[in-house]
Amino acid sequence: MTELSTIYKLSLVTFICFIRACSSSSCPVLECWFVQEKTGRGGGLTGATSQDKSLLHIRTDAHSHTAKSQQAPSDINPDRVYFITDPAATLCHHSLNPPRGSVEKPECEINPFSPQPSDLKWVAPLTDSGLSPIYLEADWFSTSLQGLNKQVAISTIMRAPTATKEHNVILSVTSNTVSVQSRLGEPVLLDCGFWVDSSSPLSGSGFAVEWRYQFRGDGRLVLAYDGKTDRLADAKEKGATLDFEGLHEKGNASLILQEAEVRHSGMYICSVYLPHIVAQVTLELEIVEPPSVSIYPSPLPLAVQGQTLTAQCEASGFAPLSLELSWEFQGTDGKSRPLGSGSVTGHRQAWDGTYSQSSRLELDTTKLDLGRGGEVICVAVHLGGKRQASVTLNIIGFSTPSIEDSMGMVGVALVLYGLIKFVSWTFTSSGSDVAGQQEKKDK
């Protein structure tokens, strides 16, 4: 019985070791660019930057030594090979670990980081003691990563004892909505979550969350929250909120926009602060609203062969700005042919930020050879989808009659011919009878 128990324990230990090895092996070895500012001869920063290839061996257990046995590639300086322990496995996301031989690689950059207090009023309470803990006396680095196909964006702050390459992730900020599209009026969720190493002295002093908006040089504060004092900053954008329960319990710092507007299109920066350190991810939101298309006048007036008609197509209520307008004609035979883009006007912007644009088309029934008419179609191609409108065109006085018209004309001719013959016969018969009676009288 003892022997069986020993075998069971050994099997269990082997299984646990196997699971840990599999878990460790699922984490990627990341190729990264180490970017830092160059120092001049006097020791000051020159403003220029240098970048070197580096290698990040990711693991979830600090006691795993599997990565250390691997030899660095010849084109990477051994001093730029780092061993990173990430207990939350944030850096083990599948989009950061492409198949072997894949041409596409995740984006990765690592930089030296200098911990310092912030003077922002929603962050300052985190360091109100004014003391700098001995814990900060170490080598600090920040990493910025983006997975394949923009599946994930990650920013981390890592700490390593001075002059070592054993890094521990202290703070990580993640987003699974790097690029978001939304229709007008719909609620929008911009994902942002963070994780803090509970063993770090910085984890027990509170946190702060900040959301900022940037677009073409325009920037504004959307929302800021001091988690230590449980207070929102005064400068809060209307309709923007957080899930405060999820924020404190699960590190869910996602921004909720209750109703999407055109002005919401742009870049959003989610920043999470701990005492002396900050990590942030950038997201892109694009409001996409397809156009409404209509043609004027509708219906088109009846056209005579040789007449020129004017039709106008109006595309309205769309965003973003880019739009292609074109015209098509579909004859009675069902065949379509392009009529060009017509005379296109410039964009006009409405009060809600959406755009409108129109196209004017001259329909010359002689030059365009439109037959007896058909459908005139206006097509609008937009990021939000293809939209179109159509009106019916009828042309009379066409020079080449159709088969039906020809048969009808033949029928009418035959009827007229029969009628003429009948009248002629009747008249002739009447004349003959009168002449016969006169002859009898003469005799």
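In which loop does Pro-133 lie?

Residues are numbered from 1 along each chain as its sequence is written. In this predicted model, local features need pLDDT of at least 70, side-chain atom pairs count only at pLDDT 80 or more, and totals for chains, interfaces and linings use all residues, while side-chain values use heavy atoms, with hydrogens and water left out.

**View A. Pro-133 in its loop.** Pro-133 is found in the loop between E4 and strand E5 (139–146). Helices (H or I, at least four residues) and strands (E, at least two) are DSSP runs, numbered from the N terminus. The relative accessibility of Pro-133 is 30%, so this residue counts as partly exposed; buried means under 20% relative accessible area, exposed over 50%, and partly exposed in between (1.4 Å probe, protein chains only). A separation of 9.8 Å is computed between the C-alpha atoms of Pro-133 and His-276, which are 143 residues apart along the chain.

**View B. The disulfide of Cys-27 and Cys-92.** A disulfide is a pair of cysteine sulfur atoms within 2.5 Å; in the pair Cys-27 and Cys-92 these atoms are 1.9 Å apart. The link is right-handed, with 85° about the S-S bond. Distant parts of the chain, 65 residues apart, are linked by this pair: Cys-27 belongs to the loop between helix H1 (2–25) and strand E1 (29–39), and Cys-92 to the loop between strand E3 (81–85) and strand E4 (107–112). Cys-27 is buried, at a relative accessible area of 7%, and Cys-92 also counts as buried, at 14% relative accessibility.

**View C. The disulfide of Cys-32 and Cys-108.** The sulfur atoms of Cys-32 and Cys-108 are 1.6 Å apart and form a disulfide. This link is left-handed, with -70° about the S-S bond. Because Cys-32 lies in strand E1 and Cys-108 in strand E4, the pair ties together parts that are 76 residues apart in sequence. Both Cys-32 and Cys-108 are buried.

**View D. The disulfide of Cys-192 and Cys-270.** Cys-192 and Cys-270 are joined by a disulfide with their sulfur atoms 2.0 Å apart. The link is left-handed, with -75° about the S-S bond. Cys-192 lies in the loop between strand E9 (188–190) and strand E10 (193–196) and Cys-270 in strand E16 (residues 266–274), so parts 78 residues apart in sequence are tied together. Cys-192 and Cys-270 are both buried.

**View E. Disulfide pairing along the chain.** The count comes to four disulfides. With the bonded cysteines of the chain numbered in sequence order, the pairing is 1-3, 2-4, 5-6, 7-8.
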